[in-house]
Amino acid sequence: MAATTTTSRFDVRAVVRRELAPRKRWQNIYGYLFLTPWLIGFLGLFIGPGVTSIYLSLTKYDVLSAPEFIGFANYVKMFTDDPLFWPSIWRTAYYAGVGVPLGVLGSMFLSILLNNKIRALPAYRTLFFMPSLVPIVASVVLWKWLLNDDFGIVNQGLRNLGIMDPPGWFGDRRWAIPSLIMMGLWQGIGGTRMIIFLAGLQGIPEELYEAASIDGASAWSKLWNVTIPLLTPTIFFNMILGIIGGLQTFTAAFVATEGGPGFATWFFSLHLYKQAFDYWNMGYAAALAWFFAVIIVSLTVWQMRLSSRWVFYYGG
Amino acid sequence: MANQISRRAFLRGSLLVTGGLLAACAAPAASEPAPAASSGGEAASDAAAAPAAEDILLRWDTFRGVGTPWNEERIASFKELYPNVTIEFRPLTDAVQQNNYAKMYASHAAGDLGELCAFDPSHFHFWRAIDKNIIMPIDDLVAADDTDLSEWYDVFMGLQSYQGQQYGLPSWGWAGYDTLVTNAAHFKEAGIELPDVNAREVSLDTIAEWANSFYKENERFGLFVGHGEGNLVPLTRAFGGDLINADGTQCTLVDDPGSVEALRWAYKLSVEDKVLPAVGVIENVASAQVEGKLTMNWGGSLNVRNLDRDIKATGTDPSVAEVSQILLPALPDGRFPSQLRGGTWNIRQGSEHADVAYQFLKHIAGKDGSISFNLVGGNFAAVRPDTLEALIADNPIHEWFLTSLENGMPAHAPANSRGREYTDAVVQYTDLLLDPNQPIPFEEGLQQLQDQIQAVLDMDPA
């Protein structure tokens, strides 16, 4: 038996050698060489810095001096000696917890409306998509004008309606995050998320609606029992991306409020940025980044597990 | 068909192009930083001599003057003096000046920082740049060149000094927020006689009264006081206090009666009277003044000159906006509440041609360079007495600030070089203290501000 096995192994190798004739081998080499630029980028710009940042998170590092190994001190500091750490997490959770569900639901219902056969449909779709094309900085400038406490058009309108003490919006600690959420909704509801929902809606087989109609289902019943169940994979996809994006929120707060007033919009990503590029605590910032990565991955895995309870794949 | 490229040839070509691109992306060979010179190093010995005849390239990394013809004008005029020297202008373009330091630090770490650069004391990076061995002392270069440092105001020259050594020549400087930039049109409209622009006869109580009387709900504010470090220092000094001590180690808010009085004055106007704009209401103070939405801005000489420029540039009707100023009252000891701040030009540590770089420093910080920095570059550089005549001839408003320059109070900086942490703590916790929307008790807000600033000052050196 042993001799047979040896012969068998030998045969396999011989076959492999025959198959990988020089021409074929060269093709493989070319293939790998063709992949090389991407591999270099992936290793050098993603994996390399990623792994390095794990090490840096265990050091005291300011870019200008060599990293000094300090063990888990950065992680300990994060949880015990950083007065801005927990509040920044709470603010970020607030922003994502309110903004993402509103945004996903808004996009879904907007896409359902824009999936009807109405006149000038492309014009409506374009109109709703347009805010998402506005650069975020321009959007911030626009909304800061609109929501200006004393001179803004929104508060002028509210005063005309008899609300004599309207919100201070971006300048008011209570209203700063809601203002950012409003701005995000204006820009995000009609954006790519709506397009993804439209694609999802157009993938729902027409015969299901026809069958529901034959059974006497109302429009609401069709929405509740056909459309939404078959949209759950799209809702799930948009929720995952939305939560990741919401937790990473940075630009609007950085441009609109710079974390203020009085730290009211000091989100986690802003805290991380400040530590890294303003305060030059690169080691600590790396620790914050890894903590954040773990949170985001955990949330995503948790959502994936929960999805089996409410996501319905037609024909799957 | 014969011209078709085979897949193999295409792949080979791709590889060649990729390899070429990767090679091109490699960092340029940078000169190795030399060990810290005690004061200019060997280069200094040649400083007095004219630059050598060999072709010399110096790189000038700066955010100053960017967007104006000033940098090119200085380079061209230097080229006329030293034809063998090429200055490569590498603009740093972030509109927030502070943000450009990240690029400069990264350049330094990569060995690519230009021989000519500026780590500004006003931005709190100067001391860190010295501690980290980024910029070199210039004492030997000054001595070899026999430069007369008295050409610059002492106070600005002093800002470029650290641990007994000189690290740069002053480029820009002013007295900080030492005045109330005033819209004279509102005073005329109210029938109030305008104070003399050169007098210091208006009390802070009167200013508070005017902040209330000029305020018109949802139309106009009588006074704007920012919450930044640049605002808080002259505010506390106007009442005889200060924000931090001269050593930069102690926050002096709660222990100094003058500082407490200053912040109580601002708290009353902002939180109790609610006549100061809340955060974010006035995004652009200069525009608000041009539009007649603000009567007095607690600002500085630069703001006065710029408001005058903006009013003229926009053709604003004098009944809407007309520039004036109200100087802060003198302190009992005769000093004027202010915060003399200045920037500097430095030479990178280890520069091969420090002597030539020094000549260029003199060229941009000298009389002509300084004048054109103002008139061509649109900056404010009242750092040399010999430039004032030209500046006043260009705009008499420059004369309004001489007293503050001559009798002002220098800026204090955190001893640990934690500038950004310091300024962030000041602005965010002052937002909390002076928040009219969600007021907190004065003592609580003041103590919080004190504690957080002190926490920054207690940090390890950056």
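Reader: How many helices and strands are there in chain A?

Author: Helices (H or I, at least four residues) and strands (E, at least two) are DSSP runs, numbered from the N terminus. Chain A has 14 helices and two strands. The radius of gyration of chain A is 27 Å, well over the 20 Å of the globule rule for 316 residues, so chain A is more spread out than a compact globule. That radius is taken over C-alpha atoms, and the rule is 2.2 Å times the number of residues to the power 0.38. The C-alpha trace of chain A spans about 95 × 70 × 35 Å along its principal axes.

Reader: What ground rules apply to the model and its numbering?

Author: This is a predicted model: local features need pLDDT of at least 70, side-chain atom pairs count only at pLDDT 80 or more, and totals for chains, interfaces and linings use all residues. Residues are numbered from 1 along each chain as its sequence is written, chains are lettered from A and ligands numbered from 1 in the order in which they are written, and side-chain values use heavy atoms, with hydrogens and water left out.

Reader: What is the mean pLDDT of chain A?

Author: pLDDT is the predictor's confidence in each residue, from 0 to 100. The mean for chain A is 90, and 94% of its residues reach 70 or more. Contact means heavy atoms within 4.5 Å. Where pLDDT is low, the predicted coordinates should not be read in detail.

Reader: Which percentage of the residues of chain B count as buried?

Author: Buried means under 20% relative accessible area, exposed over 50%, partly exposed in between (1.4 Å probe, protein chains only). In chain B, 60% of the 462 residues count as buried. For chain A, the value is 41% of 316 residues.

Reader: What share of the contacts with a separation of 6 or more joins residues 24 or more positions apart?

Author: In chain A, such pairs account for 65%. In chain B, they account for 76%. Chain B has 18 helices and 11 strands.

Reader: Where is the cis peptide bond at A:Pro261?

Author: Omega is the angle to read. The bond from A:Gly260 to A:Pro261 is cis, with omega near -5°. A:Pro261 lies in the loop between α12 (251-256) and α13 (268-278) of chain A.

Reader: Is A:Trp280 buried or exposed?

Author: Check phi first. A:Trp280 has a positive phi of about 60° although it is not a glycine. Its place is in the loop between α13 and α14 (282-310) of chain A. A:Trp280 is buried, at 6% relative accessible area. B:Gln163 also has a positive phi, about 50°, and is not a glycine. B:Gln163 sits in the loop between β4 (161-162) and β5 (165-166) of chain B. At 66% relative accessibility, B:Gln163 counts as exposed.

Reader: Which residues does B:Thr93 touch, not counting those up to four places away in sequence?

Author: B:Thr93 touches B:Val66, B:Asn100 and B:Lys103, with that exclusion. B:Thr93 is in the loop between β2 (85-91) and α3 (100-109) of chain B. B:Thr93 is exposed, with a relative accessible area of 58%.
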